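I opened my notebook today to look at one protein model, and I am writing down what I looked up as I went.

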Amino acid sequence: MPNPPRDTLPPAFKRIGWSNLFAQFSEQMALAAAPLAAVLLLAAGPAETGWLQMAQTLPFLLLSIPAGLVADRASRRRLMVSSEMLRALSLVATLLLMLGGLLSLPLLAVMGFVGAIGTVCYNVAAPALVPAIVPRHQLADANRWLELARSLAYSGGPAIGGAIVAWTGASLAYVAATSLSLLSVVLLAGLGDQQQPTAPRRNLLQDLAEGARFLGGHPLLRPILVTAIVFNTAWFVLQAVYVAYAIQTLGLTATGVGITLGIYGAGMMIGAFAAPAIARRIPFGLMIALGPLGGLTAAAVMLSTIWTPSGALAGLSFFLFGAGPVLWSIATLTLRQAVTPNAMLGRVSAFITTATFGARPIGAALGAVVATRFGVEACLAVAAVGFLIQFLVIIASGVPQLRALPEAA
């Protein structure tokens with residue numbers, strides 16, 4: 001991760017930033033390797049890769065909210081450490097199955113499911129931990145650096161993972177992913193526990209209901225939640241079939257697939273670098289709206305590959321998917337941290353994570369069903385309709401009218 005300026009962000013933030021970079025790199029390399037291994041080693045088609053994507057994202061739907069409850073009651077740092085260790089163990093198990101010639105599609109899906117449990121807990125705890133380290137007026141800058149780290153991972157992870165699979169096979173990709181995951185654990189282990197506001201111990205359901213009421217009743221967070229649900233459902237309708245579509249229809253190799261997925265990360269990186277300049281020139285609410293607009297434009301470009309099969313158009317689509325929505329990620333995370341009481345951040349982050357990631361297995365399953373019954377091209381059309389809906393939801397809300405970051409709750 002690029003080092004934040006020393007005079008703007010606390011030193012403890014660097015450990016979180018580097019840990020985030022290594023964890024994201026590990027995740028992206030493994031996510032790129034899994035469908036490639038399924039297609040190239042296990043002869044999977046679009047429907048099978050769709051079900052694999054569903055298994056790898058299902059924990060976000062099932063476990064984000066329980067993870068949020070834990071994050072508001074226990075050490076967020078320790079939760080992140082144990083979560084990343086679990087993901088590393090799942091990568092080691094996948095590697096051993098592969099080397100032993102025992103890997104199958106069901107086992108690959110199970111290992112992906114277990115690894116995603118760790119990713120869920122890490123992703124829920126991290127946004128809640130950052131405000132305990134970084135002052136409120138520096139949250140946007142901190143979140144931008146985290147998004148830059150994520151962008152580097154999204155850019156390099158799939159490309160490196162795809163290249164490793166193409167050159168040496170999937171096993172070495174899993175070795176590299178495991179090593180990066182363990183580095184993330186070491187960095188987090190050296191970070192001291194941060195003091196969390198103490199709240200009266202109550203029934204878990206009461207805590208859950210409190211977080212749901214706050215999120216559902218907030219005039220700014222509610223439309224963001226709905227937009228995130230629709231965006232991620234549509235995104236994984238596309239993701240569920242893209243690898244098979246790119247290889248079988250667009251004629252890309254494993255390396256080519258990795259490059260197009262890596263372009264997504266490059267778009268994120270450019271968007272994150274440009275975020276401060278954009279924020280100085282347009283109102284805060286319009287910056288949020290650029291994300292859904294970028295998603296809609298990208299979906300239209302990908303849809304055009306039905307009539308003009310082209311890896312270059314697919315790469316352009318992924319660039320737009322990265323450059324626009326990363327502005328959304330930075331701005332909406334900052335908004336969430338600013339308006340949510342700290343003692344409730346874990347639960348609110350959990351509901352948002354359930355929306356942004358929990359919708360993914362639904363989208364992946366929908367993509368698998370549509371691909372089976374109507375073909376891959378129909379998946380691209382369904383995804384485009386979803387991106388249109390999410391854009392209309394956010395435009396119709398009061399979010400685009402925000403001139404600046406609102407006051408804290």
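**Entry 1: two helices side by side**

I began with helix H3 (residues 76–99) and helix H6 (residues 170–189), whose axes come within 9 Å and cross at roughly 165°. That angle makes H3 roughly antiparallel to H6. I noted the cut-offs: angles under 35 degrees count as roughly parallel, over 145 as roughly antiparallel, 65 to 115 as roughly perpendicular and the rest as oblique. The axes are lines fitted to C-alpha atoms, for helices over the stretch in contact, and the angles run from 0 to 180 degrees between N-to-C directions. I also looked up the hand of the crossing of H3 and H6, and it is left-handed. Sorted by class, the contact of H3 with H6 holds 17 nonpolar, five polar and three charged residues. Here Ala, Val, Leu, Ile, Met, Phe, Trp, Tyr, Cys and Pro count as nonpolar, Asp, Glu, Lys and Arg as charged, and the others, Gly among them, as polar.

**Entry 2: ground rules**

I reminded myself that this is a predicted model, where local features need pLDDT of at least 70 and side-chain atom pairs count only at pLDDT 80 or more, while totals for chains, interfaces and linings use all residues. Residues are numbered from 1 along each chain as its sequence is written, and side-chain values use heavy atoms, with hydrogens and water left out.

**Entry 3: the whole chain**

How many helices and strands does the protein chain have? I found 14 helices and zero strands, where helices (H or I, at least four residues) and strands (E, at least two) are DSSP runs, numbered from the N terminus. The C-alpha atoms fill a box of roughly 55 × 45 × 40 Å along the principal axes. Of the 409 residues, 60% count as buried; buried means under 20% relative accessible area, exposed over 50%, partly exposed in between (1.4 Å probe, protein chains only).

Is arginine 144 buried or exposed? Arginine 144 sits in helix H5 (residues 139–168) and counts as buried, because its relative accessibility is 13%. Its contacts (heavy atoms within 4.5 Å) include Ala272, Phe273 and Ile330, leaving aside residues up to four places away in sequence.

Glutamine 56, in helix H2 (residues 46–71), counts as buried at 7% relative accessibility. With the sequence neighbours up to four places away left out, glutamine 56 touches Leu31, Ala34, Gly112, Phe113 and Ala116.

Glutamine 248 belongs to helix H8 (residues 221–248).

**Entry 4: another pair**

Last, I looked at helix H13 (residues 359–374) and helix H14 (residues 376–395), which pack at about 135° with axes 7 Å apart. H13 and H14 are therefore oblique to each other, and their crossing is right-handed. Their contact has eight nonpolar, one polar and no charged residues.

Conventions: Left-handed = near helix turned anticlockwise from the far one by under 90°.
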